[in-house]
Amino acid sequence: MDYILVTRPALPPLNEYVEEIRTIWENRWLTNSGPLHQELNQKLAAYLGVENLALFANGHTALELGIGALELQGEVITTPYTFASTIHAILRNGLTPVFCDIDPETLTIDANKIEALITERTCAVLGVHVYGTPCDIDKIDKIAGKHGLKVIYDAAHCFGERLHGAGIGQFGDISMFSLHATKAFHTVEGGALCAGDAALTAKVDRIKNFGFSSEEEAEDVGTNAKMSEFHAAMGLCNLRHIDDYLENRRRIAERYTERLRGIDGIGLLPEIPGLTRNYIYYPILLKKPYRLSRDELKDCLAEQGVLTRKYFYPLVSRFACMKGIDPGDTPVAEAAADSVLCLPMYDTLELEDVDRICDCIIKHGF
Ligand SMILES: *Cc1c(COP(=O)(O)O)cnc(C)c1O
């Protein structure tokens, strides 16, 4: 059987990549902020509409080192409805995650429930723009301002998105983009951190390179989390095609929405005024009167050769490594983890396949 996969990485034509890495053979500059890294850094900052951008070996270390650079202590209010990385980045900085429930529409942190969780140990709020849907940025800003908290965004899903014209990486003290192979734009492995402040960007740039501030001085305790020239080259190639990739995703998402909208029992991504989505995922949320459970629909689609993903399931707060950490009271997040299914979504998915998937969902659900 020919399977339809849930995702497939975008790739530029091979000869374009070969052309892009030719200069590496000429100058023998393989990593450590080479010319391709510098070019990508500058072009991505412009594309993302942010002033200060630092590139990393992957999104997770961008987030972990970005949080480290803020020099926080105590508790970080966040949500369990996310990828494991978000919470590991908190814990690996010696901080304690405090789990807040999510909004049932946007599936992002419920800003109305944040203040009740604030204690004298709270130092930050870490929101995740889940599936590219922004958190309630204005409300979180107000709460953070009132209580003197830092604001951190896991924007791993949000590459290229704009909210009322502003690059989504502009919000909060720091925002992280993942440039992993499965994201809407990638450098094979890679990540980017946007900071409101140039000094903080310089600091994370040092930390990713052993803390070096000059050839003979290390100002910070650092690590190695640099992006190589080969990864930057992939980014430069993909950036030339990004408008096509995103346009294809938009067409695919529109077809899904056309077919599935207005069906009782199938919830779709919310419409957010002023948001340009990248359609990184196409999640559906199943509820009554839809006949099948999420897991039953997943199996039913798999029998037809359509692979889907329970994303996010289980909640991060349920992992074995979270033993000893209060999972909090998050019934909305629990319900979402049990009812969301991400359908196949990638730039080269055929519209006929989208129709086949929708036929199957509709036929078996009622
Ligand atoms: C992909 C992802 C990450 C981690 O990014 P990597 O580049 O894979 O390290 C973190 N948070 C979320 C929500 C993600 O989807």
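Glu75 counts as buried, at 14% relative accessibility (buried means under 20% relative accessible area and exposed over 50%, with a 1.4 Å probe and protein chains only). Before going on: this is a predicted model, where local features need pLDDT of at least 70, side-chain atom pairs count only at pLDDT 80 or more, and totals for chains, interfaces and linings use all residues. Residues are numbered from 1 along each chain as its sequence is written, and side-chain values use heavy atoms, leaving out hydrogens and water.

Back to Glu75, which sits in strand β2, residues 75-78 (strands are DSSP runs of E, at least two residues, numbered from the N terminus). The side chain of Glu75 makes a polar contact of 2.9 Å with that of Thr119; within protein, that's a pair of N or O atoms within 3.5 Å, one able to donate a hydrogen and the other to accept it. Leaving aside residues up to four places away in sequence, Glu75 also touches Thr96, Val98 and Arg121, among others (contact means heavy atoms within 4.5 Å).

Now for the ligand. It has 15 residues around it, and the closest are His60, Asp154, His157, Ser178 and Lys183 (a heavy atom within 4 Å is what counts). Take the ligand's oxygen atoms: one is 2.7 Å from a side-chain N or O atom of Ser178, and one is 2.8 Å from a polar backbone atom of His60. For Lys183, a polar side-chain atom lies 3.1 Å from a ligand oxygen. The protein covers 93% of the 380 Å² of accessible area that the ligand has on its own, by the Shrake-Rupley method with a 1.4 Å probe.

Finally, Met1 lies in the segment before α1 (14-27), and is exposed, with a relative accessible area of 65%.

How values were computed
Helix = DSSP H or I, 4+ residues; strand = E, 2+ residues; numbered from the N terminus.
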